[in-house]
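Good morning, colleagues. Please take a moment to look at the sequence and the structure, and then I shall walk you through selected features.

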Amino acid sequence: MLMFTIENSHLSVVISAKGAELQRLYNKILKLDYLWDANPAFWGKHSPVLFPIVGELKEGRYFYNDKAYALSRHGFAREMDFEVTAQSPTGISFSLASTGDTLAKYPFDFRFEVKYELSDNSLKTTYRVTNTGERAMYFSVGGHPAFRVPLTADTSYEDYYLEFNHPEHAGRWPISKEGLIEEKPVELLNQTDRLPLSKTLFAKDALVFKGLASNSVALKSDKHNHGLLFDFTGFPYLGIWAAKNADFVCIEPWCGIADSVHSQQQLTNKEGIQVLQPAKNFARSWSVTLF
């Protein structure tokens, strides 16, 4: 597996060409690893890139122009080999283009780029989609980075919490056993900016939020001053998840969402779907600052 490293005086970041996936996020000054180690006993990924769908499709398929297509959860990009198109000591860009294989399950020509850039103690990740075809393109895109919790050996998982940058009054949208979004939200955040972490918080799968007031969330602990600030400006959906008993939390910015239990499976009216005209571009960025 091809690996690439970018670094500055603060951070060292390793990325794989497969899936353009982050492999390590290390603060050189603090000597702390912030990214989950992908222990396969729990969840063997670090930070998959989600494209051209986010989440699960109802019955694993969708319809476009009266034809059925099948796509697995979160799409195919995370399992494909990207090409490096630009690299400097502190930045790198990866690119994936449509192929005969992708067109068989997703009938749109595209170029999908993932760019990583370092600035001091921050990493910025940009997703850029270009419609290289001759008709409107329908897609979703998102991130799935898993951050190590606890960050220090003298703390436990329950010593950490997530802090939103605005007080939130928001329910979580439950996920069915088939991976679909249920009909109504369940109350979770009640005029608060704090979500304490616990190993039982994700017993019923991910916490899915729609239209939060916040555009950033911090991982913190009252036991020390280390943590991270995650900015997801421009992403209308946010997922928060951890595998059972695993020492991580995923903070997932999404432009798109899993099908609902009542989905009609039509790609053109799927909730959260992005529409891109021929020769046009779409870009969204998230960033994480480590402290």
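Let me begin with a term. Helices (H or I, at least four residues) and strands (E, at least two) are DSSP runs, numbered from the N terminus. As to the source, residues are numbered from 1 along each chain as its sequence is written, and side-chain values use heavy atoms, with hydrogens and water left out. This is a predicted model, in which local features need pLDDT of at least 70 and side-chain atom pairs count only at pLDDT 80 or more, while totals for chains, interfaces and linings use all residues.

I turn to the loops, and to two proline residues. Pro-52 sits in the loop that runs between strand 5 (49-50) and strand 6 (61-64). The peptide bond leading from Phe-51 into Pro-52 is cis, with omega near 5 degrees. A cis bond is also found from Val-149 to Pro-150, again with omega near 5 degrees. Pro-150 belongs to the loop between strand 14 (146-148) and strand 15 (160-172).

Asn-65, in the loop between strand 6 and strand 7 (67-70), has a phi near 50 degrees, a positive value in a residue other than glycine. Is Asn-65 buried or exposed? The terms are these: buried means under 20% relative accessible area, exposed over 50%, and partly exposed in between, with a 1.4 Å probe and protein chains only. Asn-65 has a relative accessible area of 57%, and therefore counts as exposed. Ala-279 is not a glycine either, yet its phi is positive, at about 70 degrees. Ala-279 is placed in the loop between strand 22 (274-276) and strand 23 (281-290), and it is exposed because its relative accessibility is 63%.

Next, the strands at the start of the chain. Two strands pair if DSSP finds at least two bridges between them. An open sheet of four strands, in the order 1-2-3-4, shows antiparallel pairing. Its edges are strand 1 and strand 4 (32-33), each of which pairs on one side only. Strand 1 (residues 3-7) is linked to strand 2 (residues 11-16) by five bridges in the antiparallel sense, and a hairpin of three residues joins them. Within this pair, Met-3 lies opposite Ser-16 of strand 2. In a regular strand the side chains alternate between the two faces of the sheet.

Phe-110, Phe-112, Val-114, Tyr-116 and Leu-118 form the covered face, and Arg-111, Glu-113, Lys-115, Glu-117 and Ser-119 the uncovered one. On one count, strand 10 pairs with strand 9 (residues 91-97) in the antiparallel sense over seven bridges, with Gly-91 as the bridge partner of Glu-117. Strand 10 is also joined to strand 11 (residues 122-131), antiparallel, by ten bridges, and Ser-119 stands opposite Ser-122. The hairpin between strand 10 and strand 11 has two residues between them, and Asp-120 in its turn has a positive phi of about 50 degrees.

That brings me to the interior. A nonpolar core is a set of buried Ala, Val, Leu, Ile, Met, Phe, Trp, Tyr and Cys residues joined through side-chain atoms within 4.5 Å. The largest such core has 97 residues, and those with the most contacts inside it are Phe-112, Tyr-116, Leu-197, Ile-240 and Phe-248. Strand 21 (residues 248-255) gives the most to this core, namely six residues. Taking contact as heavy atoms within 4.5 Å, and leaving aside residues up to four places away in sequence, Phe-248 touches residues including Trp-36, Trp-43, Phe-147, Tyr-157 and Trp-241.

Which strand holds Glu-187? Glu-187 is in strand 16 (residues 186-196), and it counts as exposed because its relative accessibility is 61%. Its C-alpha atom is separated by 27 Å from that of Gly-227, 40 residues apart along the chain. Thank you for your attention.
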